[in-house]
Amino acid sequence: MPSRGQRLAAEWLGTAFLLAAVVGSGIMAQKLAGGNVALALLCNTIPTGAILVVLILIFGPLSGAHFNPAVTLAFAWRGEMPWPTAGLYILVQISGGIVGVWLAHLMFELPLWQSSLTVRTGAGQWLAEGVATFGLLLTIFGCVARAPSAVPYAVGLYITSAYWFTASTSFANPAVTIARSLSDTFAGIAPSGVLAFITAQLFGAALATLLSGWLWGWQTKLV
């Protein structure tokens, strides 16, 4: 059984690598796409989905590979994680995400400290974040209940898809949202939009948690 320190380290590293991939691939995509936003988004999407599969395979056996406060809160609400541990998970997820963004900036020789100017707001964007997070949690709980070994691939594929079918490009993660507000690059979100995005994400996660309990029962284990 992994120690608490090992679990927290796994969550920190996983979230850091996730944000480095999201922001770094966005920077690279913007450099190479020649102003073609659709191509840049595609180039941002594929590495994000791919790194999720890898990170869940690596860190799933240690921490459950949440990398997402909405996922952690859902498991705590289901009684499958102690609330104090959930609080620590959320702290390391947020801090790891911020460090991942900074790492991406350093790799591309950009200023470390940034604040995004990309405005993402409006009812459609908020609905999209609720839908994106709802679908992500259903994907996790459904796979955990019926096909646990499929979790890494299902999550990676779901996020890859949701980048394109949601108006917000599927942040679906409060830690990701906070970290991306600190990057004035392709993947950024203006700080003024963060609270509404997180509110929508948590609402979607809560609905998915309730529905999944009815569909598959409440006692599951995340791989």
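Leucine 42 sits in helix α2 (helices are DSSP runs of H or I with at least four residues, numbered from the N terminus). The model is predicted: local features need pLDDT of at least 70 and side-chain atom pairs pLDDT 80 or more, while totals for chains, interfaces and linings use all residues. Residues are numbered from 1 along each chain, and side-chain values use heavy atoms, without hydrogens and water.

Leu39, Leu42, Ile46 and Trp164 form a nonpolar surface patch of about 380 Å² (residues with over 30% relative accessible area and no salt bridge, nonpolar side chains joined within 5 Å). Helix α2 (residues 37-63) supplies the largest share of this patch, 3 residues.

The count of disulfides is 0 (a disulfide is a pair of cysteine sulfur atoms within 2.5 Å). Two cysteines compare as follows.

| Residue | Relative accessible area | Class |
|---|---|---|
| Cysteine 43 | 34% | partly exposed |
| Cysteine 143 | 14% | buried |

The whole structure holds 1 cavity of 30 Å³ or more (on a 1 Å grid, a set of points where a 1.4 Å probe fits but cannot get out; lining residues have an atom within 4 Å of a point). The volume of the largest cavity is about 260 Å³. Its lining has 24 residues, with Leu18, Leu52, Leu136, Ile159 and Asn173 nearest the centre. Two or more lining residues come from each of α1 (4-32), α2, α5 (123-146), α6 (151-165) and α7 (174-180). The most, 4 residues, come from α6.

How values were computed:
Patch = residues over 30% accessible without salt bridge, like charges linked within 9 Å, V, L, I, M, F, W, Y side chains within 5 Å. Areas by Shrake-Rupley, 256 points an atom, 1.4 Å probe, with all protein chains shown as cover. Salt bridge = Lys/Arg side-chain N within 4 Å of Asp/Glu carboxyl O. Buried < 20%, exposed > 50% of the residue type's maximum accessible area, 1.4 Å probe, protein only. 1 Å grid on protein atoms, 1.4 Å probe; cavity = no way out; pocket = protein on both sides within 12 Å on 5 of 7 lines; lining within 4 Å. Points joined across faces, edges and corners; volume = space filled by probe spheres on them.
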